[in-house]
Amino acid sequence: MKRIIKLTLTVACVMFSTSLFAQKFGRINLQEIVFAMPEFKEMQNKLEALSKDWGEQLETIQVEFNNQYTNFQKDRANLSSAAVQVKESELQALQTRYGELQQIAQQDIERQQSELFMPIHQKAMDAVKKIASTGGYTAIFDMSVAALAYVDEAAVVDVSDAVRKELGITDAPAN
């Protein structure tokens, strides 16, 4: 009976250790993949256009401020103290409007970036999951995130090319 138990334990240990070694692990630089996606380039173009629009609006206010300030400096000696106070408050109001618009622009750009990036990231993650599933990978590590203390890159399969193919990315990765 002891022999049977020992034999059963030995077989169980061997089966457990072989199943442990049969696991496949992959690695990928997800950031590199996302940056290579055509959708990411479209997102950048949209954000650049939005940023340019906001920049033009801010520049209009800045030019208006500069013109009013220059005129104020020229005419200051000829103005009454009440008129000086009115002009100074007008200039202050323009500065305040500029600061508020700058803050609104920054928030709008950040919101747009988040809204545009989420589906791109999700598409990349879906491709990684598909490659993991079809390739039989237990885990795929994202090497663009410094969350792992150590990974033996020689022992972990790089699945970047498979994910690139799944996403239809034809550009060679930048090294």
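Two strands pair if DSSP finds at least two bridges between them. Helices (H or I, at least four residues) and strands (E, at least two) are DSSP runs, numbered from the N terminus. The model shown is predicted: local features need pLDDT of at least 70, side-chain atom pairs count only at pLDDT 80 or more, and totals for chains, interfaces and linings use all residues. Residues are numbered from 1 along each chain as its sequence is written, and side-chain values use heavy atoms, with hydrogens and water left out.

**View 1. Strand β1 with strands β2 and β3.** Strand β3 (residues 157–158) runs parallel to β1, joined by 2 bridges. Here Gly-26 stands opposite Val-157 in β3. Strand β1 (residues 24–28) also pairs with strand β2 (residues 137–142), in the parallel sense, over 5 bridges. In that pairing, Phe-25 stands opposite Ala-139 of β2.

**View 2. Helices α3 and α4.** The axes of helix α3 (residues 38–75) and α4 lie 10 Å apart, at an angle of about 180°. Axes are lines fitted to C-alpha atoms, for helices over the stretch in contact, and angles run from 0 to 180 degrees between N-to-C directions. The two helices are therefore roughly antiparallel (an angle over 145 degrees). Their contact is made up of 21 nonpolar, 8 polar and 9 charged residues. Nonpolar means Ala, Val, Leu, Ile, Met, Phe, Trp, Tyr, Cys and Pro; charged means Asp, Glu, Lys and Arg; the others, Gly among them, are polar.

**View 3. Asp-108 in helix α4.** Asp-108 belongs to helix α4 (residues 81–135). Asp-108 counts as buried because its relative accessibility is 14%, buried being under 20% relative accessible area (1.4 Å probe, protein chains only). Apart from neighbours within four places in sequence, Asp-108 is in contact (heavy atoms within 4.5 Å) with Leu-50 and Trp-54.

Terms used: Buried means under 20% relative accessible area, exposed over 50%, partly exposed in between (1.4 Å probe, protein chains only). Angles under 35 degrees count as roughly parallel, over 145 as roughly antiparallel, 65 to 115 as roughly perpendicular and the rest as oblique.
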